[in-house]
Amino acid sequence: MNDEILVSIQCLVYNHEPYLRQCLDGFVMQKTNFRFEAIVHDDVSTDGSAAIIREYAEKYPDIIKPIYETENQYSKHDGTLSMIIDSACKGKYIAMCEGDDYWIDPLKLQKQVDFMEEHLDYTLSCHRYKIYDEQTKEMILASNKYFEKFNDNTEFTFDLKYAFNRAWITKTLTCVYRKNALDPSVSEKYKYYRDVHMVYYLLSEGKGVCHSFVGGVFRKNQYSTYNSLQRIDQIKTSYDVYNEFYEAKHDPIIRNVLSSLYLEEMKVCKKIKMPGKKYEWYALFMLPFKIVKHLIKYIKTFYNPT
């Protein structure tokens, strides 16, 4: 086995104590013919998350590499969090899994890295995943029109336009990407750094693949839904950032992305019935006029995909 670290796992943790052991177990169970590390970043959790990280770091010092903050970095919204964890990663490839999600396939990393090493024109690899609802205790296999079109057992390739047309393909817990394909200035430039920014940039540089194997579980809980209004606010900022970073070169795709994000967040707001908020108008007025205009046409295709 080569001594060099080939994959760095980025794991962001904040008050994930009930789920964190399951997440970290998914890292240490990986079977690979290469070295990998897990950069586990605790953003000043107020529960027992830091203690669990220390326990695993002592037991698996070659894998678990902790970062303990004394000041919350996420709340700064200035790209600092991304820059801290990016600079700690030594791998050629970056994998992602937040502290409340987890992996279930011990060969996940091996399968994805094997593909990326053989296909140099690909910048992003992902796979199918399950969704576990903390409230209903239900576990379902995530699906969308892409899987339905290509058959559940078929691996498929996607590009920038395809990935952002009408549906979101995956979650960050499934992603492995080439570190050198993501310009470090992306993290610095995005005031609100989201997975959609990362995927957009990566697919501007190469192709993506979605493998048919089910490699992880996305946990749907209070942390996934409580701040939907904040995320709607970020959509407006995202639009400005995209246009600045790409000089409006991909404007139609940008509008599709942000319209889709807006509608997804609106559905979340309605589902959890946020009290005292006229969220439809609150959110709508925060959007740039170009997106509002585009939404009128886009809503029909969102609810009635062809």
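This is a walk through one predicted protein chain, from its overall make-up to a few individual residues.

The model is predicted, so local features need a pLDDT of at least 70, side-chain atom pairs count only at pLDDT 80 or more, and totals for chains, interfaces and linings use all residues. Residues are numbered from 1 along each chain as its sequence is written, and side-chain values use heavy atoms, with hydrogens and water left out.

Let's begin with confidence. Here pLDDT is the predictor's confidence in each residue, on a scale from 0 to 100. The chain averages 78, and 62% of the residues score at least 70. Over residues 272-286 the pLDDT stays under 50, and the model has 24 contacts for them beyond four places in sequence; a contact means heavy atoms within 4.5 Å. Where pLDDT is low, the predicted coordinates should not be read in detail.

Now for the overall picture. The secondary structure comes to 13 helices and 10 strands. Helices (H or I, at least four residues) and strands (E, at least two) are DSSP runs, numbered from the N terminus. Of the 306 residues in the chain, 55% are buried, where buried means under 20% relative accessible area, exposed means over 50%, and partly exposed lies in between (1.4 Å probe, protein chains only). Among the contacts with a separation of 6 or more, 80% are between residues 24 or more positions apart.

10 of its 14 residues are buried, so E10 is largely enclosed by the rest of the structure. Which strands pair with it? Two strands pair if DSSP finds at least two bridges between them. Strand E8 (residues 156-158) pairs with E10 in the antiparallel sense over 3 bridges, and Thr-157 has Val-209 of E10 as its bridge partner. E5 and E10 are also antiparallel, over 2 bridges, with Trp-103 facing its bridge partner Gly-216 in E10.

Asp-133 stands opposite Glu-138 in E7. The hairpin of E6 and E7 has 4 residues between the strands, and Lys-137 there takes a positive phi near 65°. At 53% relative accessibility, Lys-137 counts as exposed. Val-44 also has a positive phi in a residue other than glycine, near 60°. Its place is in the loop between E2 and H2, and Val-44 is partly exposed, with a relative accessible area of 29%.

In soluble globular proteins, nonpolar side chains tend to be buried together. A nonpolar core is a set of buried Ala, Val, Leu, Ile, Met, Phe, Trp, Tyr and Cys residues joined through side-chain atoms within 4.5 Å. The largest one in this model has 36 residues, and those with the most contacts inside it are Val-7, Phe-27, Ile-64 and Leu-109. Leaving aside neighbours within four places in sequence, Ile-64 is in contact with residues including Leu-24, Phe-27, Val-40 and Tyr-56. A second, separate core of 23 residues includes Cys-89, Met-198, Leu-202 and Cys-210. Helix H8 (residues 195-205) is mostly covered, with 8 of its 11 residues buried; Met-198 and Leu-202 are among them.

Finally, look at the rings. How many aromatic pairs does the structure hold? There are 4. Rings of Phe, Tyr and Trp (its six-membered ring) pair if their centres lie within 6.5 Å; planes under 30 degrees apart count as stacked, over 60 as edge-to-face and the rest as tilted. Phe-27 and Trp-103 form an edge-to-face pair, 5.0 Å centre to centre with 65° between the planes. Phe-27 lies in helix H1 (residues 17-28) and Trp-103 in strand E5 (residues 102-103), so the pair ties together parts that are 76 residues apart in sequence. Both residues, Phe-27 and Trp-103, are buried. The rings of Phe-115 and Tyr-122 have centres 5.0 Å apart and planes at 85°, so this pair is edge-to-face. Phe-115 counts as buried at 10% relative accessibility, and Tyr-122 is buried at 8%.
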